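Biologist: Please take a close look at one part of this model, the strand pairing, and follow the chain contact from there.

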Amino acid sequence: MTTTTPTSTSKDNILVDVRHLRMWFPINRGIIIQRTVGYVKAVDDISFFVRRGETLGLVGESGCGKSTTGRAILQLYRPTSGEVYFDGQDLCKMKGEDLRRMRRRMQMIFQDPYASLNPRMTVGNIIGEPLEVHGIARGREKRERVQELLRVVGLNPYFVNRYPHEFSGGQRQRIGVARALAVNPDFIVCDEPISALDVSIRAQIINLLEELQEQFGLTYLFIAHDLSVVRHISNRVAVMYLGKIMELTSREELYENPLHPYTQALLSAVPIPDPVVEEKRRRIILEGDVPSPVNPPKGCNFCTRCPVVMEICKNEEPEFKEVQPGHWVACWRVGH
Amino acid sequence: MGRLLEVKGLRTQFFTQDGVVHAVNGISYHVDEGETLGIVGESGCGKTVNVLSIMRLIPQPPGKIVGGEAWFDGRDLLKISEEEMRQVRGNRISMIFQDPMTSLNPVLTIEQQVSEALMLHLGMDRKQARKRSIELLEMVGIPEAASRIDDYPHQFSGGMRQRVMIAMGLSCNPQLLIADEPTTALDVTIQAQILELVKQLKREIGMAVIWITHDLGVVAGLADRVNVMYAGYIIESGPVKDIYGDPRHPYTIGLLRSVPRLDESVKEKLIPIEGLPPDLIDPPPGCPFAPRCQYQIEKCLKENPPLETVARGHMVACWVDVKRKGA
């Protein structure tokens, strides 16, 4: 691999450093004698880093591997290959007690606030569990900490003995946030935290996440498919397509000067709530569907739908290159 | 343009163990021939129950249409016999649903599903229906329609299944197509394809469309008029440019302000609507939005405001004139 991948240059400010991460899921056939007949290449050789205290947005359509990336970083899936440095230590090489201790520093907020809370546990137990698991607090101290966490996420501390079904979607998501905060993590993977919520509730949760980041100096990997929300919350944004990062740059640069044809199409497809603007807009309508990650196209992964495809795109994979300082693109038309 | 559908005082309730859910509370609106009406609202605001009531697809019990009229083509859809209703459904008015994964029958081929309405309503034989089905699938942009017509739904992607649903919806040249969040389950690039397709088909066929969504962006580029619903009421209704350019109801204003927009510079903070939508079993007296409303006055907590005209075709249900910030 070339040296132009966006790995860390200055070590000091980087919390999470992902290098050549691959997450392939085997496809097995046969009942007694299982053999692997292929792989779902959910994440295929991606590299990026997240600076301390920043929010990196990860956008892409369903099935592009953005959630898998988040899970592989936290070692909820063991990556097929590659390295994930968290504060200088490679998580992929860790196991057992060492890894468990590191997990205290990284947490996750899930998409579905209905499925990610155990319906048989009280709110107090849900938020208190990580405190006990990691030996942070017990008994009365734990109860007090849980109540404080409820206050922090804007819920009434009096709710500790209630069950998840007594809460609305937005309130449940607040409980999920409180659970993630319980162990005082440095890094939180937010996996589509607002997609399942109602429009009028979304802004509440986004503001909460931003306030908490400021208050506790959190670092976020914010996974979402909604480009307007990602633009609002992120410092830098990575665009994924079929297991690869197509473009990665600062928020301003990505939305004002998108260089990859996929990013351009994606941005043009987002509807804007203004009929006057909508009338004048010209959309780039992509043809067809996303190919299967089991058998991605040869060459550039986007070549089957790209409106400006060239011959070389169908045969050779473009390099993920830094074309301007801090702006990485994988496209034969840009910087090659 | 003539009136195609006129709904008057529609009221639908669900009788559950926990009490009566007031899903739709006496709403009135109309759709003209060839126009697109957007119905916007959050989950539980009654937007789907409203159209299911008109189509007489509400499961009864627990649901019940307790009042109102729905005039379509000189007949009240809520009064005609089930037999007559079946002549309307899928023929004159057709509906496409949110989830293309679950609204197609997995054990029937695409041909069987698309041609069913053609044989039933238009009296075609199997051969004619097959030919017409292929034409319809081509019209909605399914490649190699002639061979794919024998496939089963699982062999299609989400976007393609939604195209099949649209083909089914269009099969009998309906005068009214009701689309209930048809792009919500799809990715943005696929959503853009479907929106483009619907706009093009509308130009070609000239049918009227009711487009239900929670996404303010989708309706902005598609609808002629918009109804905003909240807690089973229409709280604002008007031409699309008025609703977005000059919203008058605090809820509409709040909704538009709370979503980040790609064409605006990034704001420090989003302005959320505080609080939660009301419980429909025990709705607050007065205006349903009052507990969350920043313009709330005493009257709002006691009396529910009627929908009143503020400008040509633009109606708002609010006691406060938000523009002048007074009652």
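**Strand pairing and the chain contact**

Modeller: In this predicted model, A:Phe86 has A:Gln89 of β5(A) opposite it. That pair belongs to the antiparallel pairing of β4(A) with strand β5 of chain A, residues 89–90, which rests on two bridges. The two strands make a hairpin with two residues between them, and A:Asp87 in the turn has a positive phi of about 55 degrees.

β4(A), residues 81–86, is also joined to strand β1 of chain A, residues 14–29, by five bridges, and these two strands run antiparallel. Within β4(A), A:Glu83 stands opposite A:Arg19. Strands of a sheet pair through backbone hydrogen bonds, either parallel or antiparallel.

Chain B has an open sheet of four strands in the order β2-β1-β4-β5, with antiparallel pairing. Its edge strands, each pairing on one side only, are β2 (19–32) and β5 (75–76) of chain B. Strand β4 of chain B, residues 63–72, pairs with β5(B) over two bridges in the antiparallel sense. There, B:Trp71 has B:Asp76 in β5(B) as its bridge partner.

As for the contact between the chains, chain A gives 35 residues and chain B gives 38 residues. On the side of chain A that touches chain B, at least two residues each come from α6 (199–216), α7 (227–233), α9 (261–269) and α10 (275–280) of chain A. α6(A) supplies the largest share of that side, six residues. Sorted by class, the side of chain A that touches chain B holds 19 nonpolar, nine polar and seven charged residues.

How values were computed: Residues numbered from 1 in each chain as written. Chains lettered and ligands numbered in written order. Predicted model: local features only at pLDDT ≥ 70, side-chain atom pairs only at ≥ 80, totals over all residues. Pairing = 2+ DSSP bridges. Contact = placed C-beta atoms within 7 Å. Nonpolar A, V, L, I, M, F, W, Y, C, P; charged D, E, K, R; others polar.
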